[in-house]
Amino acid sequence: MAKRATSGGPVHSVPPDLRKALLSDPAAREKWEDITALARNEWICWVISVKKPETRKQHIERVLSELKEGMRRPCCWPGCPHR
């Protein structure tokens, strides 16, 4: 059985909840693989930077929808402080 991988960023790896969401949505995953590692890192950091589980769930849902809309990075966010 082939392992399904999802590319991470230069600093962050894809957290399990985001990985599961991307693997369940082929259109979003295709867009994910099309953006740069730095852009993926921004999305990952945007997801993991929140404190509440319900906010994190909302961020993951937005990652999927905004990627499919053509966004390459999170909007209106100062960026990953780890780079």
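This is a guided tour of the predicted model above, one selection at a time.

**Before you start**

The model is predicted, so local features need pLDDT of at least 70 and side-chain atom pairs count only at pLDDT 80 or more, while totals for chains, interfaces and linings use all residues. Residues are numbered from 1 along each chain as its sequence is written, and side-chain values use heavy atoms, with hydrogens and water left out.

Helices here are DSSP runs (H or I, at least four residues), numbered from the N terminus; strands are runs of E, at least two residues long.

**Stop 1: the segment before H1**

Select Ser13. Ser13 sits in the segment before H1. Ser13 is exposed, because its relative accessible area is 57%. The cut-offs are these: buried is under 20% relative accessible area, exposed is over 50%, and partly exposed is in between (1.4 Å probe, protein chains only). Ser13 and Cys45 are 32 residues apart in sequence, and their C-alpha atoms are 9.5 Å apart in space.

**Stop 2: H1 against H2**

Select residues 16–24 for helix H1 and residues 26–34 for helix H2. Two packed helices are described by the angle between their axes and the distance between the axes. The axes of H1 and H2 come within 5 Å and cross at roughly 115°. Axes are lines fitted to C-alpha atoms, for helices over the stretch in contact; angles run from 0 to 180 degrees between N-to-C directions. H1 and H2 are therefore roughly perpendicular to each other. Angles under 35 degrees count as roughly parallel, over 145 as roughly antiparallel, 65 to 115 as roughly perpendicular and the rest as oblique.

Show the side chains. H1 brings Leu18, Leu22, Leu23 and Ser24 to the contact, and H2 brings Pro26, Ala28, Arg29 and Trp32. Contact means heavy atoms within 4.5 Å. By class, the residues of this contact are six nonpolar, one polar and one charged. Ala, Val, Leu, Ile, Met, Phe, Trp, Tyr, Cys and Pro count as nonpolar; Asp, Glu, Lys and Arg count as charged; the others, Gly among them, are polar.

Stay on H1. Leu18, Ala21, Leu22 and Leu23 are buried there. The cover over the buried residues of H1 includes H2, H3 and H4.

**Stop 3: inside H3**

Select residues 37–48, which form helix H3. Pick out Trp43 and Trp46. Both lie in H3, three residues apart, about one turn of the helix.

How many aromatic pairs does a search of the whole structure find? The search finds one. The ring centres of Trp43 and Trp46 are 5.8 Å apart and the planes stand at 80°, so the pair is edge-to-face. Rings of Phe, Tyr and Trp (its six-membered ring) pair if their centres lie within 6.5 Å; planes under 30 degrees apart are stacked, over 60 edge-to-face, the rest tilted.

Next, Asn41, also placed in H3. Asn41 counts as buried because its relative accessibility is 0%. Not counting residues up to four places away in sequence, Asn41 touches Gly9, Pro10, Val11, His12 and Cys80.

Then select Glu42 in H3. Glu42 is buried, at a relative accessible area of 5%.

**Stop 4: H4**

Select residues 53–68 for helix H4. H4 has 16 residues and reaches 23 Å from its first C-alpha to its last, close to the 22 Å expected at 1.5 Å a residue. That expected span is 1.5 Å times one less than the number of residues. His59, Ile60, Val63, Leu64, Glu66 and Leu67 are buried in H4. H1, H2 and H3 are among what covers them.

Click Leu64 in H4. At 13% relative accessibility, Leu64 is buried. Beyond neighbours within four places in sequence, Leu64 is in contact with Ala21, Leu22, Asp25 and Ala28.

Now Arg56, also in H4. Arg56 counts as partly exposed, at 22% relative accessibility. Leaving aside neighbours within four places in sequence, Arg56 is in contact with Pro15, Asp17, Val47, Ile48 and Val50.

**Stop 5: H3 against H4**

Show both helices together. Their axes, H3 and H4, come within 8 Å and cross at roughly 155°. H3 and H4 are therefore roughly antiparallel to each other. Trp43, Trp46, Val47 and Ile48 of H3 meet Arg56, His59, Ile60, Arg62, Val63, Glu66 and Leu67 of H4. This contact has seven nonpolar, one polar and three charged residues.

Last, select Gly70. Gly70 follows H4 and has a positive phi, near 105°.
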